[in-house]
Each structure stands twice: as C-alpha cells, then as structure tokens.
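Colleague: I am new to reading protein models. Could you take me through this one by way of a few questions?

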Amino acid sequence: MSAPALVISGGSSGIGEGLVNDLRKDWDVTSVSRSLPKNPLDGVNYVAGDVAGDAAENVRAALKEQGRGSIHSLIHCAGVGLFGKFLDTPKADWERALMLNLHGTLNFLQGTADLVQDGGRILLYSSGTVFKAPGGAAAYAASKAGIIGFARSFAMEMGERNITVNVIAPGLVMTPLAAKLAGGEEANIATRAIKRASVVEDYVGPTRFFLSEGAGFVTGQTLVVDGGSIRR
C-alpha cells in the first residue's frame, strides 16, 4: 500500500524542514519553497515556487507528473518575518509581510485545497506573536492573525467534505526566520512554564496529531506551542 500524499509549503528551512524530515518516514511528501534546500532529504519531492505566485500551479504540475490527482494532507508553513517599530516601518516592507504571510496563504490554499481528499487535513502555521503582541511586531502579528481568522471561516466551508482546518501558533524558535530576534530568546524562555529553548522538533508531535485519524472531529482550532509562555 502506497504512503498517503502530503504537500507542505516552506519545507526547505526552519520548522518546515523539521516537519519534512520527520513526516517523510510515513508520507509521500512534496515540499514547495521559494528556494530549494542545499541538502535535499531523501524521499522528498521538492518543487520551487512562491506561495504568493506560482507555488500552487507548480505543485499541481509536480503531482500530475507523479500520477496523483489528490492528496491526503496540506500543510502551509511558509512565511517571512518583519520586526521593528511600526511607525518607522516603510510601507513597502509591511506590504511584503502581508503579501507573503496572509495573501500568500490565501493564494496557495485557493490553488491547492481542492486537491485534499474528503476526510483529509489542512494545517496552517501562524505565530504566538498574535497572542503575545510584543512591541516591534505589529505588521507581522497582523499578517499572522489573518491566518487564524481565515482558518476559522475556511473550516466551516471544508467541513462539508469532512476536511479539518487547524492552526499551530509557534512560540519563538531560533530558525533563520527569527535570527534577528536572537537577543530576545532568554527573555522568552523566562516567560515559559517549561524553561528551555524551543527547537523545530517541538512541532512534530502537534502536527502529527492534527494530521491523525484521531483528530477528525477537531477543526477551526489554534494550538499555541510555546512551552507555556501563553496560557489560555
């Protein structure tokens, strides 16, 4: 029996790369990113594409070449960071954050969600920044909050096909996306119930839960994974 098919955006670095490394054990993984990884993982189908542009089209073409007309699960992990005082942020910068994080999500999902089989899974990645709302992250938090609002509404639409739509909101994890925030890691750890640094492997278990058969009655939800910095 062939492995179920899964598509993930942003699987070439950071949390996405960690997910791909684990999920390839049980899934037929197609990963789409703006840049292909320098060290591709065995058994992964890599596709180049921009989620705000041609990613969906390129994924569909790659799946067609594999003889696949549908997938079981879709994970959207691609994103870009933007930090600094909002009043000092050039309009072009926050427009880019919104384009990639929010409009990129809408564009990629509109172009790929119909590929998900009835009873399948859609999982989006947002950010704990939405709930923590620190200064210097206004545009970034706005773009990531939009993903949560979108997922709640989209869950109602996809529920007609028994497809779940959920969100994981990570805390600060030192990936290339968060490199500019390295000076704030100790401060973040101090706010956590579990006082250690976050690593990409912390997101594998929660992701696998949302993809699992046992999560078939869980949809429209956002799970914060940050060691208990945000407790609600």
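Predicted model: local features only at pLDDT ≥ 70, side-chain atom pairs only at ≥ 80, totals over all residues.

Colleague: Which element gives the most residues to the largest nonpolar core?

Modeller: This core has 30 residues. Those supplying at least two residues each are β1, α2, β4, α3, β5, α5 and β6. The element that gives the most, with seven residues, is α5.

Colleague: Which residues of that core touch the most other members?

Modeller: The core is made of buried residues joined through side-chain atoms within 4.5 Å. Counted by the other members they touch, the leading residues are Ile71, Leu74, Phe108, Leu109, Ile122, Leu124 and Phe154.

Colleague: With which residues is Phe154 in contact, leaving aside its neighbours within four places in sequence?

Modeller: Phe154 is among the residues of the core that touch the most other members. With those sequence neighbours set aside, the contacts of Phe154 are Leu109, Ala113, Ile122 and Val165.

Colleague: Turning to charge, how many salt bridges does the count come to?

Modeller: Side chains of opposite charge can pair when their charged atoms come close. The rule asks for a side-chain nitrogen of Lys or Arg within 4 Å of a carboxyl oxygen of Asp or Glu. By this rule the salt bridges number nine.

Colleague: Lys25 and Asp22 meet in a salt bridge. Is Asp22 buried or exposed?

Modeller: The N to O distance in this pair is 3.3 Å. Lys25 has 60% relative accessibility, so Lys25 counts as exposed. Asp22 has a relative accessible area of 15%, and buried means under 20%. Asp22 is therefore buried.

Colleague: How many residues apart are Arg68 and Asp28?

Modeller: Their side chains meet in a salt bridge at 2.9 Å, N to O. The pair links distant parts of the chain, with Arg68 in the loop between α2 and β4 and Asp28 in strand β2. Their separation is 40 residues.

Colleague: How far apart are the closest N and O atoms of Arg196 and Asp202?

Modeller: Arg196 is partly exposed, at 42% relative accessible area. Asp202 is also partly exposed, at 22%. The two form a salt bridge, and the closest N and O atoms are apart by 2.8 Å.

Colleague: Which residues do salt bridges that share partners join into one network?

Modeller: Lys25 and Asp22 have already come up as a pair. Through shared partners, the network joins Asp22, Lys25, Asp26 and Arg208.

Notes
Residues numbered from 1 in each chain as written. Heavy atoms only, no water. Buried < 20%, exposed > 50% of the residue type's maximum accessible area, 1.4 Å probe, protein only. Helix = DSSP H or I, 4+ residues; strand = E, 2+ residues; numbered from the N terminus. Contact = heavy atoms within 4.5 Å.
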